[in-house]
Amino acid sequence: MKFTEEHEWLRVEGDLVVVGITDHASEALGDVVFVELPEIETRVAKGDEICVIESVKAASDILAPVDGEIVEVNEAIVDNPGLVNEDPLGAAWFFKMKVEDMGQLDGFMSEDEYKDFIG
């Protein structure tokens, strides 16, 4: 897994990258009550706002970590937003994307680097 400074995790599965938010982000948000996911086949550029998460505390955006195309979304977290709090590193992934350049992942943090980052 790789991690971003925006508290997203990325896991490579074949030629796809699965994206979700970290435990740290989930805890900071509090109880998640709403998730809006991107449309399948949406082309995104790194830094684009592509998902919205609302919790009892705040609303937050998920940014595209890399350039690519959304190929699958996790409808389970739309139907049950609380899953984001229950299993943020597993069942509560947000979307899968086909990445234009897998080399873009090289700049992200390892798990140990992320743990140091969040202190």
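Which residue in strand 9 is the bridge partner of V18? In strand 9 that partner is K96, and the close-ups below start from there. This is a predicted model, where local features need pLDDT of at least 70 and side-chain atom pairs count only at pLDDT 80 or more, while totals for chains, interfaces and linings use all residues. Residues are numbered from 1 along each chain as its sequence is written, and side-chain values use heavy atoms, with hydrogens and water left out.

**View 1. Strand 9 and its two partners.** Helices (H or I, at least four residues) and strands (E, at least two) are DSSP runs, numbered from the N terminus. Two strands pair if DSSP finds at least two bridges between them. On one flank, strand 3 (16-21) pairs with strand 9 (95-99) in the antiparallel sense over 4 bridges. Besides V18 with K96, look for L16, which stands opposite K98. Strand 8 (68-73) is also joined to strand 9, by 5 bridges, and these two run antiparallel as well. There, G68 has V99 as its bridge partner. Buried means under 20% relative accessible area, exposed over 50%, and partly exposed in between (1.4 Å probe, protein chains only). With 4 of its 5 residues buried, strand 9 is largely enclosed by the rest of the structure.

View 2. Strand 4 is joined to strand 6 by 4 bridges, and V32 stands opposite S55 of strand 6.

**View 3. F94 and the nonpolar cores.** A nonpolar core is a set of buried Ala, Val, Leu, Ile, Met, Phe, Trp, Tyr and Cys residues joined through side-chain atoms within 4.5 Å. The largest one has 28 residues, and those with the most contacts inside it are I21, I77, V84, F94, F95 and M97. Among the elements that each supply at least two residues of this core are helix 1 (23-29), strand 6 (49-55) and helix 3 (83-86). Apart from it lies another core of 6 residues, including W9, V18, W93 and Y114. Contact means heavy atoms within 4.5 Å. Leaving aside neighbours within four places in sequence, F94 is in contact with a list of residues including V19, I21, V35, C51, I62, I77 and V84.

View 4. A salt bridge is a side-chain nitrogen of Lys or Arg within 4 Å of a carboxyl oxygen of Asp or Glu. The whole structure has 7 of them. E13 meets R11 at 3.2 Å, N to O, and also meets K96 at 3.6 Å. K96 is buried at 15% relative accessible area, whereas E13 is partly exposed at 35% and R11 is partly exposed at 25%.

View 5. E111 and K115 both lie in helix 4 (residues 111-118), 4 residues apart, about one turn of the helix. Their closest N and O atoms are 3.5 Å apart. E111 is partly exposed at 44%, and K115 is partly exposed at 46%. Elsewhere, salt bridges that share partners join R11, E13, E72 and K96 into one network.

**View 6. E8, a buried charge without a salt bridge.** E8 is found in strand 2. E8 is buried yet has no salt bridge, and the nearest side chain of opposite charge, K46, is 9.4 Å away (Lys and Arg count as positive and Asp and Glu as negative; His and the chain ends are not counted). Beyond four places in sequence, its contacts include K2, F3, V19, I21, I62 and P65.
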